[in-house]
Amino acid sequence: MLFPIFDDYEDGIRFFITLRPAPYQEQGKKERKDGVHIECPDICLGNDKQKVIRSWLLGRKAISNCFADTGYINKDEDVYDQAFTRKQGWIFFGDTKPNIPRYELTNVLNYNPSSGQFTEENITAYTPRQLMEILSVRYNLVDDGNVVREEAQAEYHAILNPPVNFQKPVVTEE
């Protein structure tokens, strides 16, 4: 099971992985940057469900487990940026900011929920136009029909609405 809170996708789902060709340095900044984007266009989720998935994965150290040998230095919470759990602008596939190398498609992984296995797809099976459409956050939108499993309702709501861990200060009049 890929994510035990929602029903599995019987037909499988694809993950498109894009990387920059090399680290780069923005003008006027000291640090060098690179990056990875992993998109799953076969699932359409509302903001709350995206927040739950992010929290669930971060709580299970998924980022540090997946990228342990890469030498990344950012906090896991920054690697899986919270900005992507809400409506977020996204640069078209193949585009980039001025003077910065663009992300290139490096892998397409297909996940089969029946076997729990990933297989790799030939990236040349997609034209640039198809990729622009498939990887667009606004193309071919469908309603979020993902149902939270009955047995996962409590965990889902606990992640979505964590308890507040602070007390309000007591105001005294003098």
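Two residues are in contact when heavy atoms of one lie within 4.5 Å of heavy atoms of the other. The legends below describe a predicted model.

**Figure 1. The meeting of helices H1 and H5 in the predicted model.** From H1, the residues Asp-48, Lys-49, Val-52, Ser-55 and Trp-56 meet Glu-155, Tyr-156, Ile-159 and Leu-160 of H5. Sorted by class, this contact comprises 5 nonpolar, 1 polar and 3 charged residues. Helix H1 spans residues 47-59 and helix H5 residues 153-160; their axes come within 9 Å and cross at roughly 90 degrees. The two helices are therefore roughly perpendicular to each other.

**Figure 2. Overview of the chain and its confidence.** The chain contains 5 helices and 6 strands. Read from the N terminus, the order of these elements is β-β-β-β-α-α-α-β-β-α-α. Of the 174 residues in the chain, 25% are buried. Among contacts with a separation of 6 or more, 68% join residues 24 or more positions apart. The mean pLDDT of the chain is 81, and 83% of the residues reach at least 70. Confidence is highest in strand S6 (residues 117-121), with a mean of 94, and lowest in strand S3 (residues 32-33), with a mean of 78.

Figure 3. Apart from neighbours within four places in sequence, the contacts of Asp-76 are Leu-58, Ile-63 and Ser-64. Leu-58 is 18 residues away from Asp-76 along the chain, and the C-alpha atoms of the two are 7.1 Å apart.

**Figure 4. Pro-113 in the loop between strands S5 and S6.** Pro-113 is placed in the loop that joins strand S5 (104-112) to S6. The relative accessible area of Pro-113 is 15%, so this residue is buried. The C-alpha atom of Pro-113 lies 7.9 Å from that of Asp-11, although 102 residues separate the two along the chain.

**Figure 5. Backbone at Lys-61 and Asn-99.** Most residues other than glycine have a negative phi. Lys-61, which is not a glycine, has a positive phi of about 60 degrees. Lys-61 is found in the loop between H1 and helix H2 (62-66). Asn-99, likewise not a glycine, has a positive phi of about 65 degrees. The location of Asn-99 is the loop between H3 and S5. Asn-99 has a relative accessibility of 80% and therefore counts as exposed.

**Figure 6. The cysteines Cys-44 and Cys-66.** How many disulfides does a search of the whole structure find? The search finds 0 disulfides. Cys-44 has a relative accessible area of 24% and is therefore partly exposed. Cys-66, at 62% relative accessibility, counts as exposed.

Methods
Residues are numbered from 1 along each chain as its sequence is written. This is a predicted model: local features need pLDDT of at least 70, side-chain atom pairs count only at pLDDT 80 or more; totals for chains, interfaces and linings use all residues. Side-chain values use heavy atoms; hydrogens and water are left out. Axes are lines fitted to C-alpha atoms, for helices over the stretch in contact, and angles run from 0 to 180 degrees between N-to-C directions. Helices (H or I, at least four residues) and strands (E, at least two) are DSSP runs, numbered from the N terminus. Angles under 35 degrees count as roughly parallel, over 145 as roughly antiparallel, 65 to 115 as roughly perpendicular and the rest as oblique. Ala, Val, Leu, Ile, Met, Phe, Trp, Tyr, Cys and Pro count as nonpolar, Asp, Glu, Lys and Arg as charged, and the others, Gly among them, as polar. pLDDT is the predictor's confidence in each residue, from 0 to 100. A disulfide is a pair of cysteine sulfur atoms within 2.5 Å. Buried means under 20% relative accessible area, exposed over 50%, partly exposed in between (1.4 Å probe, protein chains only).
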